[in-house]
Amino acid sequence: MEPSAQTTRVSVLLPYKFDTAFTYAADEPLAPGTLVRVPLGSRVVVGAVWDDAPDMAVKVKPIAGVYAVPPLPETTRKFIDWVAGYTLARRGDVLALGLKEQLLVAPPKRAKQFAFGGADPALPGPVLSPAQEAAATALCASVWAQKFEVTLLDGVTGSGKTEVYLEAVAEALRLGRQVMVLLPEIALSIQVLERFAARFGTAPAVWHSELTPAHRRETYRAVAEGRADVVVGARSALFLPFPKLGLIVVDEEHETAFKQEDGVMYNARDMAVVRAKFCACPVVLVSATPSLESVENAAQGRYRKLDLPSRHGGASLPKTHAIDLRQAPPERGKFLSPRLLAAMRETLERGEQAMLFLNRRGYAPLTLCRKCGHRIACPHCSAWLVEHRSHARLICHHCGHTIPKPVQCPSCEAENSFVPIGPGVERIAEEVAEAFPDTGALVMASDIIVGPAQAAEAARRINAREVGIIIGTQMVAKGWHFPLLTLVGVVDADLGLAGGDLRASEHTVQMLHQVAGRAGRAGAPGQVLLQTFAPEHPVIAALLSGDLQEFLAQEAAQRRPGHWPPFGRLAALIISATDERMADQAARDLARAAPRGQGIQVLGPAPAPIALLRGRFRRRLLLKTTREIAVQPLLRDWLARVEVPRVVRVDVDIDPVSFM
Ligand SMILES: [Zn+2]
Ligand SMILES: [Zn+2]
């Protein structure tokens, strides 16, 4: 339809796979950010009026309607453009992270949590220690000043970091501003939400993938209208349309869960800093085991650092010891050494609780035919299937492919010849049940504790002393506070050190230190026992001494000369295709056209460590540059120069965290 002379033109960005905004006709000028319905092919879809100049030359269709929702603020639109430019994603894909048609469809019923005034910063806070008080005062001053500033709040486990940043939250609320708190696994962070409720008299709004559609709609609307004053969310909360954001907190800033590994590949920790800059507000990065990136930023004066060097309330840090499995191995076919079992027994006799940590779900990571040695692998991935006895299945942890455990070996046809090799948490639970038949045990793993209700029930059972022994994967490393837990046993402290990933050592130290930090948080002193075959390894040595600063200094010394992050920049190209030769060919073509120059290095192509994933063959190239070189222009130019067949996918991962 030809628009009439009275109409005006607007650019509209659609939350779909388009980088460019489309031009539509409107009866009246619409402010940028206005949410509209527009025709797209035969459909009518949601879109946002964007700041781009409309195309005056083309024939255009009229918009179909305007949503009665506040427009996306300018800070949100600028942020979306910036994230797309940084990650080389299409702007529509970035818009889609925060805007979906379902969020706007029906006028929501006002849920009561947003109808009466919200959080009350005037409620009295807890009594803070002098160190906490000093840190809280510094953070409140930043909030009050309402200017961009990054603070790294580095406090040992149990030092009361949450209480400190809640005071900054209170200050923002007193100023009538909104607050965003990012957590790595919000759906399971029951205890953190409870602390918010205790401080402010009401639970915060939450934003994560497990919410019902109605709940999401109401939360989106409440954020956009400024009624939701505190939002605790997963990484996608970054893209909510806050009109008056006054503070961002990133808790557990070192966590790799902040990195989105598919679609738009962004690190929510780093993007939170950018978001704060656009909103001219402070951002606080919180951790007991800060990333080398953040520590280096603090050392260079880009971030301010505040320290909480001791535990709150007089509790002391747990003592850590290694159990050398070469000298004191477990019984044959078992995984818990006599010394660890003895320590567990003593702990339980004192009426306290013990936790065993093994970052491996399921019963056994490998199933092997004892007649012919055949191993059961996933047909779609280069990975072994993992036995899960709780589901009576073998499951691929990469693609979810699952089969019942075979009775007959497909290779040698022997019957009942399959044996489990190595432990997962379910197998440890079996060993615990044999050794402590009268003690309640609980397995905490992401396939067993699913969602907030089950996490809350697990916490209740532990605090009600129905559980004496907790057996957990990385799920237990974060945020939990169990006052009676005094012993942490790490079943395999060496797990995670193999693989040669750039940050394997750093991540292992962070995870095991966080797990260790669950011990002895109340009065009784805590103890940590690390089962290891390599007590002299720098990672184990750092955990034994507790000197994480020294460990990070060693890491820095190793990475600096080669310009590895954070002393240089890194981007990965992941080339994949269902046809192996096509993946290889495209990878070789890209390698031939790789950018060259001073301070630029391209590594690969090489088969990815997971060379086959969900039926696609994968090759990797790594672009490494010195810090002063921006990788995005190099990548844009590089990708534009190579013609890759449509069936070959090239994913760009800026600042990669996973090298799989
Ligand atoms: Zn698979
Ligand atoms: Zn066999």
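Mentor: Start at Q454, which lies in helix α13, residues 451–463. Helices (H or I, at least four residues) and strands (E, at least two) are DSSP runs, numbered from the N terminus. This is a predicted model, in which local features need pLDDT of at least 70, side-chain atom pairs count only at pLDDT 80 or more, and totals for chains, interfaces and linings use all residues. Residues are numbered from 1 along each chain as its sequence is written, chains are lettered from A and ligands numbered from 1 in the order written, and side-chain values use heavy atoms, without hydrogens or water.

Look at the surroundings of Q454. Its relative accessibility is 37%, so Q454 counts as partly exposed. Buried means under 20% relative accessible area, exposed over 50%, partly exposed in between (1.4 Å probe, protein chains only). Leave out residues up to four places away in sequence, and Q454 touches I448 and I449. Contact here means heavy atoms within 4.5 Å. Now find A571. It is 117 residues from Q454 along the chain, and the two C-alpha atoms are separated by 38 Å.

Next, the zinc ions. Take ligand 2. Its protein donors are C369, C372, C409 and C412, each through its SG atom, and they lie 2.3 to 2.4 Å from the zinc ion. Donors are N, O and S atoms within 2.8 Å of the metal (3.2 Å for Na, K and Ca). Read along the sequence, the donor residues of ligand 2 are spaced C-x2-C-x36-C-x2-C. The angles among the four donor atoms run from 106 to 112°, and the site is tetrahedral. For four donors that label needs all angles between 85 and 135 degrees. The ideal angle for four tetrahedral donors is 109.5 degrees. Check the cover on two of these cysteines. C409 has a relative accessible area of 0%, so C409 is buried. C412 reaches 31%, so C412 is partly exposed.

Then ligand 1, again a zinc ion. The SG atoms of C378, C381, C396 and C399 are its protein donors, lying 2.3 Å from the ion. The spacing of these donors along the chain is C-x2-C-x14-C-x2-C. The site of ligand 1 is tetrahedral because the angles at its four donor atoms are 104 to 115°. C396 counts as buried because its relative accessibility is 2%. C399 stands at 27%, so C399 counts as partly exposed.

Stay with the loops a moment. N416 sits in the loop between β18 (402–404) and β19 (418–421). Its phi is positive, about 50°, although N416 is not a glycine. With a relative accessible area of 54%, N416 is therefore exposed. R614 is a second case to check. Its phi is near 50°, a positive value in a residue other than glycine. R614 belongs to the loop between β25 and β26 (616–626). Its relative accessible area is 55%, so R614 is exposed.

Two peptide bonds deserve a look. Between G604 and P605 the bond is cis, with omega near 10°. P605 is in strand β25, residues 600–613. P565 and P566 are also joined by a cis bond, with omega about 5°. P566 is found in the loop between α16 and β24.

Finish at α10, a mostly covered helix. Six of its eight residues are buried. They are L292, E293, S294, E296, N297 and A298. What do these buried residues pack against? Their partners are β6, α9, β11 (282–287), β12 (304–308), α14 and α16 (548–559). After α10 comes G301, with a positive phi near 85°.

Terms used
Tetrahedral: all angles 85-135°; square planar, octahedral: opposite > 155°, others 65-115°.
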